[in-house]
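Dear colleague,

I am handing over the structure below for your use. Please look through it first; a short account of what was found follows.

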Amino acid sequence: MKQFLFYTVKVLLIAVLIAAMMDGLYTYVFLQSKNRGKIETVFNSKPQNYDVVILGSSRANNHFVSEMFEDYGLKTFNYGMSGGHLFEASLMLKLMIERRYSIKNVILEADLNLSNDKESDGVSAKFLPYIHNSTVIKEHLETQENFNELYYIPFYRYIKYDGKIGFRETYKIVMGEKTNALDNLGYYPLVKHKNGNMKNNIVNLKPLKHNKYYEEIKNICKEENINFIAVMTPMCENVKGMNYFDKVKKLYPEIHNYENVVVENKYFSSCGHMNDTGATIFTARILKDFFDK
């Protein structure tokens with residue numbers, strides 16, 4: 001019996017040691033990554049100076065044409081993340097501040113994402129390689145149910161989120177493969193699709209009275225003396241339940257409502273995402289209203 005217990009403990013110790021070694025190896029690789037995604041680019045960057053930083057979900061990523069801001073003489077990057085929630089947008093801003101970014105203006109897409117204050121597993125997972133190397137990432141994620149497993153069990157986070165930060169992603173970092181996430185200064189243009197979903201129903205969608213992460217972003221901007229611009233972006237003309245935007249405006253009067261600036265279906269790739277032409281029209285309006293000198 002003693003021999004069996006000794007053997008079991010030995011196997012466990014070896015397994016933990018291997019897991020710790022693999023954890024260290026994967027983390028080291030991610031600490032070298034600078035050309036695959038927005039999160040690792042910010043984490044591994046030197047301090048930056050921006051006139052405009054854009055945050056939000058895909059409705060930020062696809063709607064704000066960064067190069068048009070640059071044409072105005074405004075150094076800009078679109079850090080909108082497809083699938084992301086305000087949970088990740090807040091953490092991204094915190095990470096920039098931790099990395100000593102100097103930012104004059106933050107434009108936040110705050111509309112449909114005000115209806116929840118949960119994390120997006122697929123996006124938040126991309127912060128996990130740095131959980132032991134960043135105080136703000138650790139503190140932001142420690143409110144989540146599975147934080148202890150992710151933080152204290154070596155290599156667990158890489159196994160659990162293998163599809164996002166596992167072997168395949170690590171291999172591509174080592175091989176120097178780039179993605180298009182950083183192209184066009186972070187803006188991802190869409191085209192008009194024949195089969196795009198041009199109907200949407202948001203009747204049952206309700207904005208939270210107090211979205212924790214929206215408030216975090218607003219407060220960070222106040223503390224860091226950053227001009228905070230929150231906007232609601234357009235949806236196509238076939239949407240049911242457009243009074244959602246009126247509900248948002250009632251709860252958050254400081255958010256600027258631009259949902260009806262572009263409405264025709266020809267300017268949309270899908271009902272919730274404008275194509276490049278629509279995004280160009282929308283961005284021109286934002287520049288005129290907030291940055292026209």
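Val-174 counts as exposed because its relative accessibility is 57% (exposed means over 50% relative accessible area, buried under 20% and partly exposed in between, with a 1.4 Å probe and protein chains only). This is a predicted model, in which local features need pLDDT of at least 70 and side-chain atom pairs count only at pLDDT 80 or more, while totals for chains, interfaces and linings use all residues. Residues are numbered from 1 along each chain as its sequence is written, and side-chain values use heavy atoms, with hydrogens and water left out.

Val-174 belongs to helix H11 (residues 167-174); helices (H or I, at least four residues) and strands (E, at least two) are DSSP runs, numbered from the N terminus. Together with Phe-167, Tyr-171 and Met-175, Val-174 forms a nonpolar surface patch of about 460 Å² of accessible area. Such a patch is made of residues with over 30% relative accessible area and no salt bridge, with nonpolar side chains (Val, Leu, Ile, Met, Phe, Trp, Tyr) joined within 5 Å and like charges within 9 Å. Areas come from the Shrake-Rupley method with a 1.4 Å probe, and for residues only the protein chains shown count as cover. A salt bridge is a side-chain nitrogen of Lys or Arg within 4 Å of a carboxyl oxygen of Asp or Glu.

Beyond its neighbours within four places in sequence, Cys-236 is in contact (heavy atoms within 4.5 Å) with Met-198, Val-263, Asn-265, Phe-268 and Cys-271. Not counting residues up to four places away in sequence, Ser-120 touches Gly-83, Gly-84, His-85 and Glu-88.

The largest pocket holds about 520 Å³ of space. Of the 22 residues that line this pocket, Arg-36, Gly-37, Lys-38, Lys-126 and Ala-181 are the closest to its centre. A pocket is an open set of points on a 1 Å grid over the protein atoms alone, with protein on both sides within 12 Å along at least five of seven lines, and lining residues have an atom within 4 Å of a point. Points are joined across faces, edges and corners, and a volume is the space filled by probe spheres set on them. Helix H2 gives the most to the lining of the largest pocket, with 3 residues.

Kind regards

Key:
1 Å grid on protein atoms, 1.4 Å probe; cavity = no way out; pocket = protein on both sides within 12 Å on 5 of 7 lines; lining within 4 Å.
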